[in-house]
Structure formats: structure tokens, C-alpha cells
Amino acid sequence: MPNKKSKKNRPAPEVSDEDSDPHTNRRRARKGKKNAQLAQEPIATSQKLATAPISANKGVSMFEGAHHFRTESLNITMVNPPPLSEGFDGQDFGWKLLVTKISPNALHNSSARYDPPKCDEGTRVGLLKELMTRITNRRNPRRLLCMTGPAGSGKSALQQTIAERCEELDILGSAYFFATADTTRNTVSAIVPTIAYQLGSHNPVLKQAIDAVVAKDTVIFDKSLRVQMDTLIVRPLRHLQESESLDIATLPYVILIDGLDECKGEERQTELLTVIRDCLLADNLPFYVLIASRPEWAIRSALEQGGHLRSVAIHIDLSDYYAGADMRHYLRTRFEVLTSRTGNPTWFTEDDIQTLVNAGSGQFVYVSTVYAWISERRGSPAQRLRIVLSWASQPGETARPFDALDRLYINILLNAKIAYESVDMHSGRDFLLIFNIHHTNTSEGLLKDVYSNHQLSRSAVTQCLDLESDSLEILISDLHSLVSIRTPDAFSPNSYLHIHHKSFSDFLNSETRAKDFFVSRSRIYEHLIKCSLHRILRSSDSYIVSDTIFYLAPLWTSATVPLNLDDEIIDFTQRGGWQKMDSSAGFFSSNSESHKLLKVLEGIQERKPEVFQEMKMYFEKWECEFDKTLAAYER
């Protein structure tokens with residue numbers, strides 16, 4: 001039995017931005033609630049238990065996928081799921097359902113993309129003029145423009161600028177910005193509903209037509225991209241055109257898609273390109289589509305000789321457009337603004353600017369990151385400029401494409417590391433390891449095949465690391481030129497580490513580029529698990545122990561690389577760690593999770609058979625208890 005604390009001595013529930021985090025909800029659900037209340041509060045019960053799939057051949061089961069729990073005299077009232085239309089009135093039902101399927105974060109004016117990169121006035125003048133001329137030429141037979149370029153070449157800034165200019169001209173039909181680290185816009189699942197939403201928002205007649213088709217087919221969002229595009233956009237437009245209810249020539253016609261390479265799955269990228277070609281570029285539709293992407297496989301193979309977009313698309317390769325003059329203009333105008341802080345109008349020279357432009361090798365991200373670091377309020381712009389100039393490539397040095405950018409990233413990280421680790425209270429903490437744990441959680445997720453978004457909440461990472469609640473803010477206090485913390489909003493309920501540019505993630509994930517600043521996945525998972533085991537042993541609070549256990553098995557089994565944790569497992573066992581987990585209601589969420597973890601731990605059997613047998617004893621006990629609970633529930 002877990003330790004029972006008197007109600008008045010129990011710690012108050014943590015108030016944070018992590019309300020959607022499952023372990024927080026679980027703690028709140030169990031705190032102070034009696035089992036008898038659960039039968040009278042079916043909604044609370046359904047929130048406490050994981051919303052697992054219902055098995056048709058094994059009876060109803062809501063425990064599948066749920067996380068560790070213990071039940072005593074549990075009474076459960078089954079509640080039928082509400083009808084799909086609940087929460088919507090009869091009017092505009094289809095449209096309201098559509099709105100729940102879009103990605104607001106992907107819009108060009110979304111709060112999630114606050115202060116997005118865009119072209120400065122006086123920069124990219126020729127290229128923007130060329131792009132806008134092509135876009136506004138309605139007689140152009142090619143209505144697909146694909147803009148490719150390497151990391152940091154300014155693709156997103158160009159797309160944002162074009163989106164805003166098209167909006168001013170009232171010709172922007174839709175804009176969608178993919179982002180690797182944002183789970184609401186790193187797949188194709190929301191793109192068609194979002195495009196349909198934006199197009200319908202421009203025209204009430206089209207909005208009504210989309211509303212009608214969704215109301216008629218409420219599972220449309222689970223169908224293929226082609227069916228979605230045809231049902232939500234193509235057929236409504238054709239019907240309105242044939243009935244003369246809408247002059248589609250008056251509809252805003254520009255559709256922008258940015259960061260195709262940041263959409264998960266090359267096959268899905270290819271599928272999207274094919275659907276765009278076959279549906280949006282149909283002869284009787286007005287759309288002009290502009291896609292920006294790194295030259296990755298999906299778009300590269302589509303545009304090369306014999307590719308399926310070769311004959312229908314205009315291809316602009318940003319590598320062919322030297323951006324040196326624009327980069328000089330960018331730095332000059334910004335450095336002039338900083339002059340008031342330095343008190344010296346000659347604190348920079350044209351030679352300084354040219355040195356930085358040369359180091360950037362056409363990568364706008366280099367000069368923008370240089371400026372962000374130089375202009376940070378914590379330092380002197382003039383002093384930081386001298387430091388950056390010392391990092392730049394020396395005359396005559398042959399540099400690889402990312403050498404200067406990598407050197408910039410390394411030196412910013414080094415300065416932040418020295419500042420962080422010089423503080424007494426941070427003694428013994430590894431700055432790069434802790435930062436890379438947060439970065440990995442943001443960029444790809446620490447959990448594999450456990451939760452749909454694969455990410456731990458920020459507070460969960462902090463708890464696993466056994467650090468202070470504000471530790472992330474302190475950690476990145478000298479890294480604001482590279483990262484920031486995004487606060488929760490209606491669509492992203494958890495705060496999270498935001499990476500300003502994907503090229504920084506690419507750098508951190510490449511051992512050849514990051515060199516001594518690279519942190520392997522094995523070190524990341526080993527450190528998280530060690531901290532969790534130590535936290536279980538050290539804490540006398542059964543609630544803290546239980547919350548730590550909640551992520552222990554998922555983290556352990558998510559590691560796709562071998563881990564060296566034998567000594568920690570032996571120490572944990574000899575100090576009664578498994579017994580403490582058992583007394584804290586600490587068994588795992590399912591027998592499959594238990595089996596998977598025990599399989600991972602089998603390696604210790606040969607070295608310490610008695611340790612393995614003790615672990616196995618507790619695992620078998622928990623599996624038996626889980627089976628009994630499940631059987632009683634299904635009866």
C-alpha cells in the first residue's frame with residue numbers, strides 16, 4: 001500500500017502552465033478524491049483514465065495505454081461518448097468542425113510565429129520584384145513556383161514578406177508555414193483543412209459550401225489528402241462556378257506553403273506535391289501556388305529532369321541569387337540603430353560589415369544571428385562586434401559552407417556555458433548536457449511511441465532532471481540570440497523551448513559540425529534515467545516518487561541506443577529502490593510496458609543474477625496486480 005499522508009499535510013498541487021500534462025492531471029485526479037466519488041463523476045473518471053482504443057473482440061477496455069495506477073473498491077460508471085455535434089449549435093456545424101481541425105500556428109499572422117523573419121526594407125528588392133511579378137501575372141501558364149535554397153538562405157523571410165504583400169493586395173488565399181518542432185504543423189494532417197478555412201474565410205458563399213460538405217461527411221478529415229483536397233476545396237468551387245453562384249476570378253488566389261522539408265515523412269511531402277499538382281492546378285481553378293523548401297529529396301526529385309513537377313513548375317534556386325548587398329544593408333541599418341547605445345558613431349566600419357558578409361557565405365541566418373548576439377542587452381555592442389570579427393574566417397582561408405556559422409554557434413554556446421557554470425549553485429551541472437536534453441525534447445521528442453507528440457512537458461523534463469522550476473530560464477539567459485521560451489496559448493498549452501532557426505538544430509545534431517559540443521543520445525537518456533532513479537531514492541514524498549516513476553519506463557524504453565546503467569541499477573536495487581516504487585503505487589501503465597523494460601534490463605542478469613531476480617519479482621507482482629485489476633474491470 002502506498003504511504004498515506006493526512007490531507008492537511010499533503011503538498012498543495014503545483015500551479016503551472018502544464019495543465020494538459022498527463023501526470024499533472026493524474027495527480028490532481030487522485031488527490032483528495034475517494035473512490036465512491038468516481039462513480040458519481042464520470043467525466044472526471046474519463047479524464048483520469050487514458051482514452052485508449054476500445055477493443056471490439058476483447059470487450060471494453062479503457063486501461064490500455066493508461067499509466068501506473070492502483071485501484072481499491074473502484075466503481076466505474078460507463079458514459080456513452082457525446083454525439084459529434086455536441087458543443088455546436090445546428091448552424092454552421094460543418095464549419096465549426098472544420099475549425100477544430102486546422103493549425104492556427106501555421107498561419108502567417110499567428111501569435112505562435114510572433115515577430116517572424118521577413119525581408120528588411122531595401123533588401124531582396126530584385127528577387128521580390130521578380131516573385132511578385134510572376135504571382136500577379138494571371139496569364140502565366142505555369143501557376144506553381146518552387147523556391148529552394150540551403151539552410152539560412154532566407155526562404156521563410158521571403159515567404160513571410162510575400163504573404164504580407166499579397167494580403168495588402170487582397171490576393172492572399174492561404175499561407176501555411178510548416179515547422180519541425182511544432183507538433184501542430186509538422187505533418188500534412190492539418191494543411192488541407194487550414195487552406196480550406198482560409199479560403200472560406202474570404203468568401204461567405206464558399207464558406208457555406210464547405211460547411212455543407214463537412215456536415216455531410218464528418219469523417220472527411222480522416223481520409224486521404226487527395227480526397228480532402230477534392231472534397232473541401234475543388235468540388236465546392238466547381239459547384240459554385242457551374243451554378244454561377246461565385247465568380248472564382250474574384251477569389252484571393254495565392255497559396256503559400258513554407259518549409260515543405262519540415263513536414264514529417266518524405267513520402268507525405270511527395271503526396272502533398274502530387275495532390276497540389278492534380279487538384280489546385282486544375283485548368284478551371286484560379287490558384288497560384290508558391291512553395292519554399294530546402295532542396296531535399298521530395299521536391300528535388302520532383303523538379304529534376306523527368307520529375308512530375310518539371311513541366312508545370314517554375315524553379316527558383318536561391319543559391320543563384322547572391323545576397324551580399326542585402327546582407328550588408330541588413331547589418332548597416334541595424335548597427336546604426338545601436339550607435340546610441342555605444343555613444344560612438346564610428347564603433348563599426350564598412351570593412352567590419354564586409355568581413356561578416358564574407359563569413360556568411362550567402363547565409364542570411366549568419367548575419368541575423370550575429371546581429372542578435374551583438375545587440376543583446378547584457379553586453380556591449382562594440383565589444384561583442386570585436387569578438388565576432390575574431391571568430392570570422394581569416395583572409396585566404398578556404399571554408400566549408402557552414403564553417404563560419406558553426407564557429408558562431410560554438411562561440412555563443414561557449415560563452416553561455418562559461419557564464420552558467422561559473423555560478424556556485426550550478427556547480428557540478430553540465431550546461432551542454434542539460435541544454436541538449438531540452439533541445440532534443442523540443443526538436444524530436446524524448447518519448448518514442450508513447451505519446452502522439454513524443455514530447456515531455458517542460459515541467460516534466462525539469463522534474464526528471466531534479467532541477468528548479470525556473471532552471472530553463474536561467475540556463476538560456478545568454479542564448480537568446482538562438483533560442484527563447486514560448487509561453488502557453490490556447491493551442492499550445494505547455495511552454496516550451498523555441499529554436500529560432502532550424503540550422504541551429506542541424507548543428508547540434510551533427511557530431512562532425514558540433515564537435516566537442518555534441519551530446520550523444522545515449523548520454524541524454526542515461527542522465528535523465530540516473531536523475532530519476534536518484535530522485536526516487538532520495539525523496540520521502542510518495543507523490544513525488546509516483547510522478548517520477550510515471551515517465552521512468554517510457555524514457556528507458558524510448559532510448560534507441562545502448563545505455564550503460566548497470567552500476568546505477570545495482571545501486572538502486574541494493575538501496576531498496578524497487579521496494580520503494582512498490583510502496584508508492586509505482587508499477588507501470590501496462591504489461592507491455594513492463595515486459596519491454598524488463599527485456600531492456602536483462603543484460604544485468606549475467607553480471608548480477610540476484611539483482612535481476614529481485615527486479616523480476618517486483619515486475620511479475622505488478623503484472624499480476626494489473627491483470628487482476630483489468631479482469632475485475634472488464635467483468
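Ile569, Ile570 and Thr573 in helix H24 meet Val611, Glu614 and Met615 in helix H27, where contact means heavy atoms within 4.5 Å. Sorted by type, the residues of this contact divide into 4 nonpolar, 1 polar and 1 charged.

A quick word on the source: this is a predicted model, in which local features need pLDDT of at least 70, side-chain atom pairs count only at pLDDT 80 or more, and totals for chains, interfaces and linings use all residues. Residues are numbered from 1 along each chain as its sequence is written, and side-chain values use heavy atoms, with hydrogens and water left out.

Back to the helices (DSSP runs of H or I, at least four residues, numbered from the N terminus). H24 spans residues 566-574 and H27 spans residues 609-634; they pack at an angle of about 65°, with axes 10 Å apart. The axes are lines fitted to C-alpha atoms over the stretch in contact, with angles from 0 to 180 degrees between N-to-C directions.

Now for the rings. The whole structure holds 19 aromatic pairs; Phe, Tyr and Trp rings (six-membered for Trp) pair if their centres lie within 6.5 Å, and planes under 30 degrees apart are stacked, over 60 edge-to-face, the rest tilted. Here are two of them:

| Pair | Centres | Planes | Type |
|---|---|---|---|
| Tyr409 and Phe507 | 5.4 Å | 55° | tilted |
| Phe504 and Phe507 | 6.3 Å | 15° | stacked |

Tyr409 in H16 and Phe507 in H20 are 98 residues apart, whereas Phe504 and Phe507 both lie in H20, about one turn apart. Tyr409 and Phe507 are buried, meaning under 20% relative accessible area with a 1.4 Å probe, protein chains only (exposed is over 50%, partly exposed in between).

Definitions and conventions. Helices (H or I, at least four residues) and strands (E, at least two) are DSSP runs, numbered from the N terminus. Ala, Val, Leu, Ile, Met, Phe, Trp, Tyr, Cys and Pro count as nonpolar, Asp, Glu, Lys and Arg as charged, and the others, Gly among them, as polar.
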